[in-house]
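The following exercises concern the structure shown below. Please study the sequence and the model before turning to the worked solutions.

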Amino acid sequence: MALSRPRARLRQAPVLTALATATVLLAACQSGGTASSASDTSAKDDGTTITMWTRSPTAIFSQTLIDAYNRGHRNKVKLTVIPADSYQQKVGTAAGARQLPDVLASDVVYAPNYASKGVYLDLTARVNKLPFKASLAPAHMKTATYNNKIYGVPHDIDLSAVFYNKALFTKAGLNPDKPPTTLDELYADAKKINGVGGGAHGYFFGGACPGCMLFTTWPMIWASGGTVLNEKGTASTIANDTAGKVYALYRRMYQEGLVPASAKNENGPTWTQQFANGRIGIQPMGATVLQTLKEGPGLKVGVAPIPGLTGGTSSFVGGDVLGVSSNSKHAAQAWDFISWTLSKDAQVDVVAKNKNITVRTDLADNTYAQQDPRLATFNKLAAQGQTPISVDFGKTYNDPNGPWTSTVTDAVFGSGDPAAILQRHNGAITESLSGNG
Amino acid sequence: MSRPRHRAARSAGFYSTSTVLAVLFLFPMVWTLFSSVHGRQASGRGNGWGIDDYKRLFHYGSGLPAYLLNTTVVALITVCVTVVVTTLGGYAVARFDFPGKNVLFLVTLAILMVPYATILVPLYVFLGWIGLQNSLIGLGLVLAMFQLPFGLFMMRNSFEALPVELEEAALIDGCTPTGVLRRVLLRGVAPGMVTVALFAFLAAWNEFVAPLIFLTDGAKFTLPVALFNLEAGNFGSVDFGALQSGVVTAAVPCVAVFLLLQRYYVRGFTSGALKG
Amino acid sequence: MVSLSPTRAPSRDAPSSPPRARHDVSPLRRGHRRLAMVYATPLAVIVAVLFVVPLGLMVWMSFNHWPLLGASAPNGVTNYRALGDPLFLHALWFTVKYTVVTTVVLGLVAFGLALLVQEGPRGVGLFRTVFFLPSAVGLASASLLFYGMFNTDSSPLNAAMRLLAGGDVDWLGSSGNALISTVGMITWRFAGFYMLILMTGLHGIDPVLYEAARTDGAGWWQTMRRVTLPLLRPTIALMMVLSVTGSLLAFDQFFILTGGRHGTATIVIDVYREAFLSQDLGRAAAVSVAILVGLVIINGAQLRLLRRDS
């Protein structure tokens, strides 16, 4: 903080308390909640400028949809991209100031929190009028529903899957059509790829990015039969041997140099860059990354389900939901945009065309999905993956200062038995999930 | 060792030590300046000189002109409010007796005792009540408030240092105190006002945490907050070139103003306002 | 270029106490009471509205369940349980560690610089200006500048370490490294500022005392111990108050350099987190009140040291 602000010496300041108490009465007039327009179902395209926020990993996806909308509508959507790390704080400060944008995208894991705390406008009546309501991605709808009221609709599905570089597989003498099906195989493959030289590494992960870590390692635990969170999302169950073995494997790969040293400090913004440059053999990432990868002689992208220790597969079904903020003055215009993003035009000709998964199950089998087997893999995973739900998810798991960050950093980069480390941190995670801390 | 030789050795020691240290102190700034105009990112080619970093910075987010304008507006509000309020207040406290004078003086100085960061949360709530959240004016006023103790002390001392006789004569001649202030005293306290303005400017221009909390609309961000967003990265990479050009852009006005007015800066230290 | 020199400013040793009723207020001026109050009004209004009210509000908020959105209600001292939170305790421990290291390192470096450039041959003013120059750069800008130095391949810091240590250094990758790197950055940023404060103090020491010490045959170290340091105590105490307060309230540097990762969250980052991440302004206010009380006590103790000798 500003040390340059000089401070003078002061002898006493007793007056303060007296004057301070005078303000106590003022405190009573804090503003209450906003009027809900739950019964309003209108949508308007009248040339209004609609503001929207999204987090940086979703930026390209959102912008692609917005460009298509702006071309064909009188309303114009203006997107502000906010760094993923500071998204929660930014929404927090803006929500308290009632300065949220009209349309607010939110990581699905934050959605239960925002729905329960009054960040979003109740969209129940509007969503009920959608003819395809039943086919909207169920996991997303569940996170955006609170007390039987719907506060958001799916924006994008970003599920985690193993990405592997077929070019490096071939170079290392591996079969490019045989991705690893167990974590043991994954380790062996990574080791072989590490041997090809030319700056290539077998594996990569965002070691300082708590969201990246849970997104890619939890499916390994799930696929091996372990759990991380109880049903209600109020207690951590990660202190189990299965999870211990997963992080022990990560530590081993890091220590043996199968992973670039920079993984330890990779806090998210650049965690896909090395794979995109063709320098990484295997890396679990989100499905939306596929749109951004440019294939060439050094990079041929294959995707596969994330395996467990000895088999099985799973996925973290993440992504974002879209809602209208509770302080928006353009709810009808915002809904015009949001409902359009769910239309067949948008889902097939924009979303699927750009190699993304549609958020409507009735459109999953579209022409683009039929052409690209990787999309078919994603669609299959969407059905079997998991989406953990907890009101305090964001501050517990995604915040770089939250208890999960130190847990996973210690488990992967620390010393001592990873399972014991998980055991030691488990209490702090549960404490945070239960609404304290 | 004879005296002149001794002195020569000492001064050689001084110059070599100081030069090494000076290089160390200047190095980070010079390197940042250099890499903002040199290299692959800056030139847009393999290597060499170029201003591509500045071009990308120019178009980043709401655009560099918007961020510079916001920062300037906040700094101007802070400087103007601080100077006007502490000049009037300093005059009143230095030259007159009025009820509540000591309380006012003490409470103003108490601002220094209250750690700046701790009061930001209630200020955030309170600015919301009075409609000054997400407002450059609100931010400028808050930053000015934090400058009041130093400013008031500085201005009170400036007024007290002026001879009373000058003023008495003018008063007897029929001037009102306002007339005296305007025609006689302002010239005398002008250096003090420059010092107060300089401290307020440097603080406001560089402030980070208050705009981070108070400003929510991306188009209203000040330069330090916009640069922080740039650092946090977008689209899979951090644009270090643009970041370095941003650091240079943010630092140049401060360094320039300081070099021009350093005499007045030092006055802030020697006037006793610091040690209070 | 004007050189930085405390001697150039007109010496204006003002009384260091709040104003007493002055005896030289003439009868002429008594008539202008009301006008004086008008002059003081803007000051009073800003102080009352933007300082006193929020301060009271902070205390009130700390005794309320006060979510970011929605209605608040009194909840006694529940919010103060935030002080027992493991995350807060860890942040407190880290902040204290940082404060001690910074204050010692910065103090020694600044003292060295002040002695070096207090007096000297031609050009000494130029060196003063150079040492001070980083202090004109904002703390956030300085943090971003060093973020670039720590993180880019082309950075000379990394090039130098590759030569010296034979490999890249993980400047911010662990609690210890981040602490050392940040203290280095802060030293660069603030050494000139504290140098200027210490020079002001050194300048206030009567040269006669040095002359006396020399005639007594005292060496450099003895002069330092017997004359300079004792007389500089008030200035050193002032420097400590500034450095301790500034370090305990550290936010910008860690928020920008590490984001609080690797256990480098400070207590102010914890307040920010409670407020806008946990969306609990009441708990944030409770932690704020605790920090305020703690700082008043610490500064009070340090000022006692300052006053005893002045």
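The model is predicted: local features require a pLDDT of at least 70, side-chain atom pairs count only at pLDDT 80 or more, and totals for chains, interfaces and linings use all residues. Residues are numbered from 1 along each chain as its sequence is written, while chains are lettered from A and ligands numbered from 1 in the order in which they are written.

**Exercise 1. Describe the fold content and overall dimensions of chain A.**

Step 1. Chain A contains 18 helices and twelve strands; helices (H or I, at least four residues) and strands (E, at least two) are DSSP runs, numbered from the N terminus.

Step 2. With a radius of gyration of 23 Å, close to the 22 Å given by the globule rule for 437 residues, chain A is as compact as a globular protein of that length. The radius is taken over C-alpha atoms, and the rule is 2.2 Å times the number of residues to the power 0.38.

Step 3. Along the principal axes, the C-alpha atoms of chain A fill a box of roughly 75 × 65 × 45 Å.

Step 4. In chain A, 58% of the 437 residues count as buried. A residue is buried if 20 or more other C-beta atoms lie within 10 Å of its own, exposed if 12 or fewer, and partly exposed in between, with C-beta atoms placed from the backbone.

**Exercise 2. Characterise the contact between domain 1 and domain 2 of chain A.**

Step 1. The assignment gives domain 1 (8-157 + 319-384) and domain 2 (159-314) of chain A; such bounds come from an automatic or database domain assignment.

Step 2. A distance of 29 Å separates the C-alpha centres of the two domains. Their contact takes 17 residues from domain 1 of chain A and 14 residues from domain 2 of chain A, where two residues are in contact if their C-beta atoms, placed from the backbone, lie within 7 Å.

Step 3. On the side of domain 1 that touches domain 2, helix 2 (59-72), strand 6 (153-165) and helix 15 (373-384) of chain A each supply at least two residues. Helix 15 of chain A provides the largest share of that side, six residues.

Step 4. By class, that side of domain 1 has eight nonpolar, five polar and four charged residues. Ala, Val, Leu, Ile, Met, Phe, Trp, Tyr, Cys and Pro count as nonpolar, Asp, Glu, Lys and Arg as charged, and the others, Gly among them, as polar.

**Exercise 3. Which residues of helix 10 of chain A are buried, and against which elements do they pack?**

Step 1. Helix 10 (residues 241-255) of chain A has 15 residues and reaches 21 Å from its first C-alpha to its last, close to the 21 Å expected at 1.5 Å a residue; the expected span is 1.5 Å times one less than the number of residues.

Step 2. The buried residues of helix 10 are A243(A), G244(A), K245(A), V246(A), Y247(A), L249(A), Y250(A) and M253(A).

Step 3. These residues pack against helix 8 (183-194), strand 7 (201-203), helix 9 (210-223), helix 17 (403-413) and helix 18 (418-433) of chain A.

Step 4. Just after helix 10 of chain A, G257(A) adopts a positive phi of about 80 degrees.

**Exercise 4. Describe chain B and its contact with chain C.**

Step 1. Chain B has twelve helices and zero strands.

Step 2. Its radius of gyration is 24 Å, whereas a compact globule of 276 residues would have one near 19 Å.

Step 3. The mean pLDDT (the predictor's confidence in each residue, from 0 to 100) of chain B is 86, and 93% of the residues score at least 70.

Step 4. Chain C has twelve helices and two strands. The contact takes 86 residues from chain C and 85 residues from chain B. Helix 2 (residues 33-62) of chain C gives the most to the side of chain C that touches chain B, with 20 residues. That side has 64 nonpolar, 15 polar and seven charged residues.

**Exercise 5. Are R98(A) and H262(C) buried or partly exposed?**

Step 1. R98(A), not a glycine, has a positive phi of about 55 degrees and is found in the loop between helix 3 (87-96) and strand 3 (103-107) of chain A.

Step 2. R98(A) is partly exposed, with 16 other C-beta atoms within 10 Å.

Step 3. H262(C), also a residue other than glycine, has a positive phi near 55 degrees and lies in the loop between helix 10 (252-257) and helix 11 (267-276) of chain C.

Step 4. H262(C) is buried, with 25 other C-beta atoms within 10 Å.
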